[in-house]
Amino acid sequence: MVTAGKVNNMLDKNKREQLISELQKYFMDELDYELGQFDGEFLLDFLSKKLAPAYYNKGLEDAKAVLERRLTDITEELYEIEMPDE
């Protein structure tokens, strides 16, 4: 199971800092609110915990659908080359 802690651990320090900076910029540009570093880190952790599972699971569903389509194609191709019983 992927948790927010695991998601945050998957981000290297530079990526995490970049995301926090983007959150801070969004808050300033859109909400005219200065989001501090600590608050930005807390918000990133919260969003990761709440949103990451939904996006992760959607990605898994999409990958599963691709694999199922490809497996169907392979199965059909195998039937095409199957030799008839005599």
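The side chains of Lys-25 and Asp-29 meet in a salt bridge, 2.4 Å from N to O. A salt bridge here is a side-chain nitrogen of Lys or Arg within 4 Å of a carboxyl oxygen of Asp or Glu. By this rule the count comes to 5 salt bridges. The model is predicted: local features need pLDDT of at least 70, side-chain atom pairs count only at pLDDT 80 or more, and totals for chains, interfaces and linings use all residues. Residues are numbered from 1 along each chain as its sequence is written, and side-chain values use heavy atoms, with hydrogens and water left out.

**Confidence**
- Mean pLDDT (the predictor's confidence in each residue, from 0 to 100) is 92 for the protein, and 91% of its residues reach 70 or more.
- Helices are DSSP runs (H or I, at least four residues), numbered from the N terminus.
- Where pLDDT is low, the predicted coordinates should not be read in detail.

**Salt bridges**
- Lys-25 and Asp-29 are 4 residues apart in helix H2, so about one helical turn separates them.
- Lys-25 is exposed at 52% relative accessible area, while Asp-29 is partly exposed at 47%.
- The cut-offs are under 20% for buried, over 50% for exposed, and partly exposed in between (1.4 Å probe, protein chains only).
- Glu-17 and Lys-13 form a salt bridge of 4.0 Å, N to O; both lie in helix H2, 4 residues apart.
- Asp-45 forms a salt bridge with Arg-16, with the closest N and O atoms 2.9 Å apart.
- Asp-45 lies in helix H3 and Arg-16 in helix H2, so this pair ties together parts 29 residues apart in sequence.
- Arg-16 is buried at 18%; Asp-45 is partly exposed at 29%.

**Nonpolar core**
- The largest nonpolar core has 6 residues: Ile-20, Leu-23, Phe-27, Leu-35, Leu-43 and Leu-44.

**Aromatic rings**
- The structure holds 2 aromatic pairs.
- Tyr-26 and Phe-27 pair edge-to-face, 6.2 Å centre to centre, with 75 degrees between the planes.
- Rings of Phe, Tyr and Trp (its six-membered ring) pair if their centres lie within 6.5 Å; planes under 30 degrees apart count as stacked, over 60 as edge-to-face and the rest as tilted.
- Ring pairs link Tyr-26, Phe-27 and Tyr-33 into a cluster.

Definitions and conventions:
Core = buried A, V, L, I, M, F, W, Y, C linked by side-chain atoms within 4.5 Å. Helix = DSSP H or I, 4+ residues; strand = E, 2+ residues; numbered from the N terminus.
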